[in-house]
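Colleague: I've got a chain on my screen and some questions about it. Please take me through it in plain words.

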Amino acid sequence: MSRLVMKFGGTSVADLERIRRVARLVAAEVATGKQVAVVVSAMSGKTNELVAWTDGAGRAAAGLPESDDEYDAVVASGEQVTAGLLAMTLRNMGHKARSFLGWQVPILTDEAHGRARIEEIPPENLEECFEAGEIAVIAGFQGVTPKRRITTLGRGGSDTSAVAIAAAVKGACDIYTDVDGVYTTDPRIESKAKRLAKISYEEMLEMASLGAKVLQTRSVEMAMAHRVPVRVLSSFVEPGEAPGQGTIVCDEEEIMEKRIVSGVAYSRDEAKITLLGLPDHPGVSSAIFGRLADANVNVDMIVQSRARSADTANMEFTVGKRDATRALEIVRGAQAEIGFEDVAVNEDVAKVSVIGVGMRSHAGVAQSMFAALAEKNINIQVISTSEIKISVLIDAAYTELAVRALHAVYGLDQL
């Protein structure tokens, strides 16, 4: 008997009427003979409310550890409510169902509260549930440490919960969200954006990490590692209303026709830090980025160029906008030791990227990108590449213009 894990995000379970629609979608899958587990997020806005309460409670007194573990205990409660309500609704419809919290599955994690990583999911409890003919309704976003303390997986963690559970029970995973699949770019920016029938794990991972908010990055990494078939589809339909809907995330080999470029992604959550007059000798970069790594500041795009003065260089790199102030303080704190002349930060930038497995075997992708941006008088500040993507940093004011220009130049509106 085939198994399916269905995941529903916050907007999909925002109120009781939407929870009833979710129950109907679940019931339709059960009617096909599948063994079904459902992973749910908290109701829309609930996690933000819980986080605000923890902020209002204040910090631990001097001499006591920070309350990261208690933060997790609070913010994980939103999913508990949703799981219980959906299980009740399914029972009211005549289905056998029961809710599971993360520790009851159990979803075993490390002890990094607020950003825990899943280490193992023993399948025995879920297997017992399936054998009893029950629908397992599981609170997403949470797990438990070896010391039996509740953890949360970070924003978007319910996606990761769902994929990990699918891997544990050897099933497929359907991610229901407020869009009906993965598009060539953000339809709010480009009305000609097309829904992709299939996209490779590698492309989806790049799109998720580069700003597309359809799937959480770690969930795609896990799906790729365990070869879990994933489908992204809309929860705002009734069963049977949209046959063949959604986007399948799968192995590259399962896609018959390889597109040169599959999508255009963007992120406005960027800040550029510029170091001027940096001593140009071995160990300088290590000193800078080592300090940033120790402070858990993630650095993305990096470019270094020779300065006018002899034996000096200029360096630019990007960090998340939320990390900009901290990164600036860290770099300034090392100025006397490293000996650079000045540092500046610019938060008025955006990263725009093109992604496609076809780049591996086609020349001229970068030239087309640069020509399209030049035609719109958009200046490129930083460039970074990988085997299947090219990213550029531009002035944030030109984000939408750049996205539309690149979408057109690669013919994505013709798919």
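Colleague: Let's start with alanine 193: is it buried or exposed?
Modeller: Alanine 193 counts as buried because its relative accessibility is 10%. Buried means under 20% relative accessible area, exposed means over 50%, and partly exposed is in between, with a 1.4 Å probe and protein chains only.

Colleague: Before we go on, what kind of model is this?
Modeller: It is a predicted model, where local features need pLDDT of at least 70 and side-chain atom pairs count only at pLDDT 80 or more, while totals for chains, interfaces and linings use all residues. Residues are numbered from 1 along each chain as its sequence is written, and side-chain values use heavy atoms, with hydrogens and water left out.

Colleague: Thanks. Where is alanine 193 found, and what does it touch?
Modeller: Alanine 193 is in the loop between strand S9 and strand S10 (198-200). Helices (H or I, at least four residues) and strands (E, at least two) are DSSP runs, numbered from the N terminus. Not counting residues up to four places away in sequence, alanine 193 touches Tyr183, Thr184, Thr185, Pro187 and His407. Contact here means heavy atoms within 4.5 Å. The C-alpha atom of alanine 193 is 9.9 Å from that of valine 182, eleven residues apart along the chain.

Colleague: Zooming out, how many helices and strands does the chain have?
Modeller: There are 13 helices and 18 strands. The radius of gyration is 23 Å, close to the 22 Å from the globule rule for 415 residues, so the chain is as compact as a globular protein of that length. That radius is taken over C-alpha atoms, and the rule is 2.2 Å times the number of residues to the power 0.38. The C-alpha trace spans about 75 × 60 × 30 Å along its principal axes.

Colleague: And what share of the residues is buried?
Modeller: Buried residues make up 51% of the 415. Among contacts with a separation of 6 or more, 74% are between residues 24 or more positions apart.

Colleague: Which residues have the most contacts inside the largest nonpolar core?
Modeller: Those are Ile138 and Val230, in a core of 44 residues. By nonpolar core I mean a set of buried Ala, Val, Leu, Ile, Met, Phe, Trp, Tyr and Cys residues joined through side-chain atoms within 4.5 Å. Several elements each supply at least two residues of this core, including strand S2 (35-40), helix H6 (157-169), strand S9 (172-177) and strand S11 (230-234). The largest share, seven residues, comes from H6.

Colleague: What is valine 230 in contact with?
Modeller: Leaving aside neighbours within four places in sequence, valine 230 contacts Val163, Cys173, Ile175, Leu215, Ala223, Thr247, Ile248 and Val249.

Colleague: New topic: is glutamate 29 buried or exposed?
Modeller: Glutamate 29 is buried, because its relative accessible area is 13%. It lies in helix H1 (residues 16-31). Beyond neighbours within four places in sequence, glutamate 29 has contacts including Lys34, Val36, Asp174, Tyr176 and Arg231.

Colleague: Now the backbone. Which peptide bond is cis?
Modeller: The bond from valine 105 to proline 106 is cis, with omega near -5°. Proline 106 sits in the loop between strand S3 (97-100) and strand S4 (108-109). For background, most residues other than glycine have a negative phi, and most peptide bonds are trans.

Colleague: What is phi of phenylalanine 141, then?
Modeller: Phi of phenylalanine 141 is near 75°, a positive value in a residue other than glycine. This residue lies in the loop between S6 and strand S7 (142-144). Phenylalanine 141 counts as buried because its relative accessibility is 8%.

Colleague: How about asparagine 296, buried or exposed?
Modeller: Asparagine 296 counts as exposed, because its relative accessibility is 60%. Its phi is also positive, near 60°, and asparagine 296 lies in the loop between helix H9 (284-294) and strand S14 (299-306).

Colleague: Last one: where is asparagine 379?
Modeller: Asparagine 379 is in the loop between helix H12 (365-375) and strand S17 (382-386). At 57% relative accessibility, asparagine 379 counts as exposed. Leaving aside neighbours within four places in sequence, asparagine 379 is in contact with Leu393 and Ile394.
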